[in-house]
Amino acid sequence: MAATTTNFEKHTSKNPLKKFFINNYFNNFLELISDLKIETVLDAGCGEGFTLNKLKQNGIGQKYEGIDYSEDAIKLGRKIYPNLDIKKGDIYNLLYKENSFDLIICTEVLEHLDDPQKALSDILRVSSRYILLTVPNEPWFTLFNFTQWGKDIGHINHWSSFSFQKFIIHNSKFRILRKKHPFPWTMILAEK
């Protein structure tokens, strides 16, 4: 069996507080996109496929693909969700043609990247209509994380809801359709 990842631990935790926040996260996430008419979805930074599986379970989209850089996450994801198409990929160089997917999701990824602008540019290139991005809402996420679990989780980018919205508007040809702020995250749905 592949090594456990921190993402896997987060999504499978038995801790009631963690479960509450993850469930609230997904409820808000699904609410943002439940009325969209989409067929194809790419999860850029899919980890083990938890988010793609949520979309599939809720009938949002018909074709699901995911890419991730972590071999451990991909191996684990293929065991957990053998019916999902997840593979190794580079968020800076998505190997898809322009306008390949109706919806691209990138959840809890951009805060870990050295060049989030470069990743966002390629996400925008491959999207034909929508993107849904989520990041921790700072400083609340870091404060909450340290007080509850005392872990440094490797974030190198720190955005408040306002600064993340500004980052998207400044760096893309998308317009923001909807925002949500389930504690302690920021979620933004944008359209070309």
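In which loop is asparagine 99 found? Asparagine 99 is found in the loop between strand E3 (85-88) and strand E4 (101-107). Strands (E, at least two residues) and helices (H or I, at least four) are DSSP runs, numbered from the N terminus. The model is predicted: local features need pLDDT of at least 70, side-chain atom pairs count only at pLDDT 80 or more, and totals for chains, interfaces and linings use all residues. Residues are numbered from 1 along each chain as its sequence is written, and side-chain values use heavy atoms, without hydrogens and water.

Most residues other than glycine have a negative phi, and most peptide bonds are trans. Asparagine 99 is not a glycine, yet its phi is positive, about 60 degrees. The peptide bond from phenylalanine 183 to proline 184 is cis, with omega near 0 degrees. Proline 184 lies in the loop between strand E6 (175-180) and strand E7 (185-191).

Helix H2 (residues 16-33) packs on helix H3 (residues 50-57) at about 55 degrees, and their axes are 11 Å apart. H2 is therefore oblique to H3. On the H2 side, Phe26, Phe29, Leu30 and Ile33 make the contact; H3 contributes Thr51, Lys54 and Leu55. Contact means heavy atoms within 4.5 Å.

The second largest pocket holds about 190 Å³ of space. A pocket is an open set of points on a 1 Å grid over the protein atoms alone, where a 1.4 Å probe fits, with protein on both sides within 12 Å along at least five of seven lines; lining residues have an atom within 4 Å of a point. This pocket is lined by 14 residues, and His11, Ile22, Asn23, Phe26 and Lys54 lie nearest its centre. Helix H1 (6-12), H2 and H3 each give two or more residues to the lining. H2 supplies the largest share, five residues.

Methods:
Axes are lines fitted to C-alpha atoms, for helices over the stretch in contact, and angles run from 0 to 180 degrees between N-to-C directions. Angles under 35 degrees count as roughly parallel, over 145 as roughly antiparallel, 65 to 115 as roughly perpendicular and the rest as oblique. Grid points are joined across faces, edges and corners, and a volume is the space filled by probe spheres set on the points.
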